[in-house]
Amino acid sequence: MALKLGAYTACLHDRSLAAALDVLQDDGLTSVEVNTGGFIPSPHCHVDLLLVSEQARADYLGEFSSRGMDLTGLNCNGNPLNPLPGVGPKHADDLRRTIELAGLLGIKNVVAMSGTPGSDPDAKYPSWVVNPWDGVYMDVLDYQWELAAAFWTDIDALARAHDVRVAIEMHPHNLVFSPVTLKKLVELTGATNVGAEMDPSHLMWQGMDVVACIRELGPLVFHAAAKDAMIASEVDIRGVLDTSFGHVPADAPDKVSTGIGFWCTAWPDNPAWRFVAVGVGHDVDYWTDFLRALAEIDPDMAVNIEHEDAAYSRLEGLAIAAENLRAAAEKL
């Protein structure tokens, strides 16, 4: 078993790539995933330069190999189907450029989200349908899936041309948020180079059995994230579809942009669920089962920590996650 254990460096965007890699190395990690566009900036990957300079690409890959590390994924999470002109077109272009760059770098996997269109051709904002019991929402879904199928058919062809695979994170508020919807997209498009990034956290808070999801998708799982979630007692009155989030002021110093004029909102004080460091929401034995199921599909798969536990600092949370993930791997 040679799963590649590493981290996504978005939580370390406050420091240089070299300094971020030193942190990962100190935590005993050898796999690295960097951001290339979409919702957040890409300070650890200068896409424009790398697309045009062979020497820059060689130097860039040397940053990893000189430390005995592998660049295993480029992350371009965004909403490429968003009807807002300052969001959808840019995220779609970022994804295309990321696929091209992955091919040039020899990186096999690009991580993305499926996206969510508007409800109809005149819609201004994206619209995520949660429960289409009313027929009007089935009409919305039919329209959205038609757009998604056309877009992802083209993306699949582009990925195939560059010998790259696009691993979709099954993330709520996207059309693809579960194994069922992931398989639907693949079937609609006849995709050969589009599959899943197995991020268990979003499946956890939706109440799914993560190992069952891995086995349901089988070889469609291309890549994985190590990210934990914990259901809180507040779920008793909020449920997992709680909308009690708050606005973040435009002048807030640490706001996170999601597109021109839009940024992440503030979580409720007492959420029904939250993201936690690996091992905090589910114990090491759980993560051993998770890794074992992935290894049954691909014993060389990259499993990269995504740290978003607000209860810990970036370095402390990443170190806790790394320690628990390595402990889980040692029990295989």
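Which residues of H4 are buried? The notes below take up this point and several others in what is a predicted model.

1. Helix H4. The buried residues of H4 are Gly88, His91, Ala92, Asp94, Leu95, Thr98, Ile99, Leu101, Ala102 and Leu105. Helix H4 covers residues 88-105, 18 residues in all. From its first C-alpha to its last, H4 reaches 25 Å, close to the 26 Å expected at 1.5 Å a residue. Just after H4 comes Gly106, with a positive phi of about 75°.

2. Helix H11. This helix has 17 residues, 314-330, and its end C-alpha atoms lie 24 Å apart, which agrees with the 24 Å it should span at 1.5 Å a residue. Buried in H11 are Gly317, Leu318, Ala321, Ala322, Asn324, Leu325, Ala328 and Ala329.

3. The cavity. Searching the whole structure gives one cavity of 30 Å³ or more. The volume of the largest cavity is about 30 Å³. Its lining is made of Ala226, Lys227, Asp228, Val276, Ala277, Val278, Ile305, Glu306, His307, Glu308 and Ala321. Ala321 is also one of the buried residues of H11.

4. The second largest pocket. This pocket holds about 250 Å³ of space. It is lined by 19 residues, and those closest to its centre are Lys4, Leu71, Thr72, Lys108 and Ala302. Helix H3 (54-65), strand S3 (70-75) and S7 each supply at least two residues of the lining.

5. Cysteines. How many disulfides does a search of the whole structure find? The search finds zero. For Cys11, the closest cysteine sulfur is in Cys264, 15 Å away, and that is too far for a bond. Cys11 counts as buried because its relative accessibility is 9%, under the 20% cut-off. Cys76 is likewise in no disulfide; its nearest cysteine sulfur, that of Cys45, is 10 Å away. With 3% relative accessibility, Cys76 counts as buried.

6. Thr192. Where does Thr192 lie? Thr192 is in the loop between helix H6 (179-189) and strand S6 (194-198). Leaving aside residues up to four places away in sequence, Thr192 touches Asp156 and Arg160. With Arg160 there is a polar contact between side chains, at 2.7 Å. The side chains of Thr192 and Asn193 are also joined by a polar contact, of 2.7 Å. Leu220 is 28 residues from Thr192 along the chain, and the C-alpha atoms of the two are separated by 9.3 Å.

7. Most residues other than glycine have a negative phi. Asp163 is not a glycine, yet has a positive phi of about 55°. Asp163 sits in the loop between helix H5 (135-161) and strand S5 (165-169). His173, also not a glycine, has a positive phi of about 75°. The place of His173 is the loop between S5 and H6.

Conventions
Residues are numbered from 1 along each chain as its sequence is written. This is a predicted model: local features need pLDDT of at least 70, side-chain atom pairs count only at pLDDT 80 or more; totals for chains, interfaces and linings use all residues. Side-chain values use heavy atoms; hydrogens and water are left out. Helices (H or I, at least four residues) and strands (E, at least two) are DSSP runs, numbered from the N terminus. Contact means heavy atoms within 4.5 Å. A polar contact is a pair of N or O atoms within 3.5 Å; within protein, one must be able to donate a hydrogen and the other to accept it, and residues adjacent in sequence count only if both atoms are side-chain atoms. The expected span of a helix is 1.5 Å times one less than its number of residues. Buried means under 20% relative accessible area, exposed over 50%, partly exposed in between (1.4 Å probe, protein chains only). A disulfide is a pair of cysteine sulfur atoms within 2.5 Å. On a 1 Å grid over the protein atoms alone, a cavity is a set of points where a 1.4 Å probe fits but cannot get out, and a pocket is an open set with protein on both sides within 12 Å along at least five of seven lines; lining residues have an atom within 4 Å of a point. Grid points are joined across faces, edges and corners, and a volume is the space filled by probe spheres set on the points.
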